[in-house]
Amino acid sequence: METKNLANLYNLAPLEWDAVRAHLEAGITQGPGTGGPNRHTCWLATINADGSPQVTGVGALWVDGTFWFETGEHSRKGRNLARDQRCTLSVALDDFDLVVEGEAHRVTDPATVAKMAERWAAEGWPARADVSGVALTADFSAPSAGPPPWHVYRITARSATALAVVEPGGATRWRFGN
């Protein structure tokens, strides 16, 4: 992993990826009133067919060292990812703002889909694997996800940038070897 201190100008030490990862592994609360000013929203940016950006909130989870999210294949983000897997996910947390750049890969392994459904259910969204086993269903979801089935995506990160929002501050970019 390549690390670049973006706060040399202010004589600040680089942030440690292990500390950022530990914070993510502790969980990101996304329900109203559970974090941040009111909560922590994950924002996913994909690329429209004309090359312009498309940004939308997603219910992402940090599991097994990466971000996961879900969406319907006919949603704009689903169509964008079918054409171009490049994406960026960002979230503002209590200690730092984080941006992860990489590619979103659709997951079709039934065991993994079921595991992720259990993780979302544990967070309060009653997701479950659908009859196909390769997608999710639930009694409700965000309107931007479109109707079920919802497909699970795993982000393979190329880089991440964190900006500390508490003392002593700092900003660091990591490039991963994927």
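Arginine 86 has a relative accessibility of 42% and therefore counts as partly exposed. In this predicted model, arginine 86 is joined by a salt bridge to aspartate 84, with the closest N and O atoms 2.7 Å apart, and aspartate 84 counts as buried because its relative accessibility is 16%, where buried means under 20%.

**Salt bridges between parts of the chain**

- Aspartate 64 and lysine 115 form a salt bridge in which the closest N and O atoms are 2.4 Å apart.
- Because aspartate 64 lies in the loop between strand E4 (61–63) and E5, while lysine 115 belongs to helix H3 (residues 110–122), this pair ties together parts that are 51 residues apart in sequence.
- Aspartate 64 counts as exposed at 56% relative accessibility, whereas lysine 115, at 33% relative accessibility, counts as partly exposed.
- A salt bridge also brings together the side chains of arginine 128 and aspartate 139, at 3.7 Å from N to O.
- That pair links distant parts of the chain, eleven residues apart, with arginine 128 in strand E8 (residues 128–129) and aspartate 139 in the loop between strand E9 (136–137) and E10.
- Arginine 128 is partly exposed, its relative accessible area being 39%, and aspartate 139 is exposed, with a relative accessible area of 67%.

**The buried side of helix H2**

- In helix H2, which spans residues 76–83, the buried residues are Lys77, Gly78, Asn80 and Leu81.
- These residues lie on the same side of H2, because the arc that they cover around the axis is only 165°.
- The packing partners of the buried H2 residues are strand E2 (42–47), strand E3 (53–58), E5, strand E6 (86–92), strand E7 (96–107) and strand E10 (151–164).

**Threonine 66 in strand E5**

- Threonine 66 is part of strand E5, which covers residues 66–71, and with a relative accessibility of 5% threonine 66 counts as buried.
- When residues up to four places away in sequence are not counted, threonine 66 touches Leu61, Arg154, Ile155 and Thr156.

Conventions
Residues are numbered from 1 along each chain as its sequence is written. This is a predicted model: local features need pLDDT of at least 70, side-chain atom pairs count only at pLDDT 80 or more; totals for chains, interfaces and linings use all residues. Side-chain values use heavy atoms; hydrogens and water are left out. Helices (H or I, at least four residues) and strands (E, at least two) are DSSP runs, numbered from the N terminus. Buried means under 20% relative accessible area, exposed over 50%, partly exposed in between (1.4 Å probe, protein chains only). Contact means heavy atoms within 4.5 Å. The arc is that of the directions from the helix axis to the C-beta atoms. A salt bridge is a side-chain nitrogen of Lys or Arg within 4 Å of a carboxyl oxygen of Asp or Glu.
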